Amino acid sequence: MRRTWYLAGREPLPTGAVLRRDLILHSDGRRQFRRGTPLEELLSQASVPEGLRIPIAVPDAGEIEQHEASLRIARAVAGTGTRFDAPHQGQVTIRAGQFGLVRVDEQGLQRLVRTGAALVATVLDGRVAEEGEVIAIAKAPSLFVRVERLERALAVLAGRSVVHVAPFRRRRVALLAGARVRPAALEVAGRALGQKLARFGARLEEIERLDADDTSVIAQRIAHWVAGGIELVLTAGSIMLDPDDPFLRAVRRLRAERTVHGAPVDPGTMFWVAYRDTVPIFGLASCEMYGRTSVFDLIVPFALADERIDRPLMARLAHGGLLVDTQAARVPPRWRRELETESE
């Protein structure tokens with residue numbers, strides 16, 4: 001890129017030249033033109049005094065203009081379930097193309113940004129986004145970019161996107177409560193959990209309370225629900241720290257795979273997850289059941305989007321696991337008012 005000046009009306013128009021600074025033309029009603037504006041566009045739209053020195057940048061061979069470079073970056077980082085706007089002031093805005101869970105490849109993002117050839121910022125991994133919400137931006141760091149350098153930078157992604165949106169697919173949910181949960185408490189929990197699930201288009205189809213914590217009955221009920229098409233099972237009343245807990249024994253009897261035993265999240269450290277075939281089973285402690293923001297709010301979008309919940313995922317979510325500080329950043333703006341009300 002060559003930085004120079006253009007004398008309006010007194011020399012040939014340089015190919016590909018753009019403004020390298022903002023320009024205000026008082027001779028044209030104080031019109032402002034932003035840096036990056038093509039010189040040809042400026043001259044065609046404004047009354048420019050002859051001889052005015054205009055600060056411009058001219059591309060060298062093998063360079064492309066910032067807008068085109070930013071578009072190439074956006075195409076490389078934006079995956080399924082996304083769309084992006086036309087470049088504006090050198091930047092491309094990436095939006096959710098559907099209601100769903102935003103997944104961010106943090107390692108890929110870091111590798112790309114470390115090249116110095118791309119500026120990409122995203123929302124948090126695990127953010128719930130409504131269609132049309134901004135979830136990332138992509139921008140080239142200079143007015144002109146060498147194609148060779150940009151291609152080397154994008155090659156670190158190895159063809160994998162950095163950000164995509166997974167739709168919420170699971171809809172049918174059931175809640176099984178043990179004898180420790182009082183009937184009145186279960187009614188409150190069912191209402192609170194049902195309201196939260198409804199945000200994602202899911203419904204709490206079955207709610208059942210056991211009079212006695214019988215391992216065989218728990219296992220039979222979960223197996224029956226899964227066979228009948230329930231896609232997420234919630235359990236309440238287990239004690240994760242008790243190795244003889246009937247719910248945990250039922251998980252073993254079902255030969256379900258336990259993938260999470262305690263969460264690096266507060267509230268919600270005594271949370272567990274198991275899988276009966278492909279159906280997740282949540283072990284909820286009392287703090288997750290009655291409407292308070294907890295690990296349930298953090299994890300249920302992953303389950304409903306059919307994302308596997310295991311220790312690697314929980315390890316990633318440990319950074320930001322203090323939900324009183326972070327959960328508001330993971331939900332759409334219109335949901336945040338409810339969180340503010342809850343914290344008052």
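**Salt bridges in a predicted model**

User: Which residue pairs with E133, and how far apart are the closest N and O atoms?
Analyst: E133 forms a salt bridge with R127, with the closest N and O atoms 2.8 Å apart. A salt bridge here is a side-chain nitrogen of Lys or Arg within 4 Å of a carboxyl oxygen of Asp or Glu.

User: What are we working from?
Analyst: This is a predicted model, where local features need pLDDT of at least 70, side-chain atom pairs count only at pLDDT 80 or more, and totals for chains, interfaces and linings use all residues. Residues are numbered from 1 along each chain as its sequence is written, and side-chain values use heavy atoms, leaving out hydrogens and water.

User: Is E133 buried or exposed?
Analyst: E133 is buried, at 13% relative accessible area. R127 is buried as well, at 5%. Buried means under 20% relative accessible area, exposed over 50%, partly exposed in between (1.4 Å probe, protein chains only).

User: How many salt bridges in total?
Analyst: The count is 21.

User: Switching to D22. What does R35 do with it?
Analyst: D22 and R35 form a salt bridge, closest N and O atoms 3.5 Å apart. D22 lies in the loop between β2 and β3 and R35 in the loop between β4 and α1, so the pair ties together parts 13 residues apart in sequence. Helices (H or I, at least four residues) and strands (E, at least two) are DSSP runs, numbered from the N terminus.

User: And R34?
Analyst: R34 also forms a salt bridge with D22, at 3.4 Å between the closest N and O atoms. R34 and D22 are 12 residues apart.

User: How accessible is D22?
Analyst: D22 is partly exposed, at 32% relative accessibility. R34 is partly exposed at 31%, and R35 at 43%.

User: Which residues form a network?
Analyst: R103, E106, D125, E307 and R316 are linked by salt bridges.
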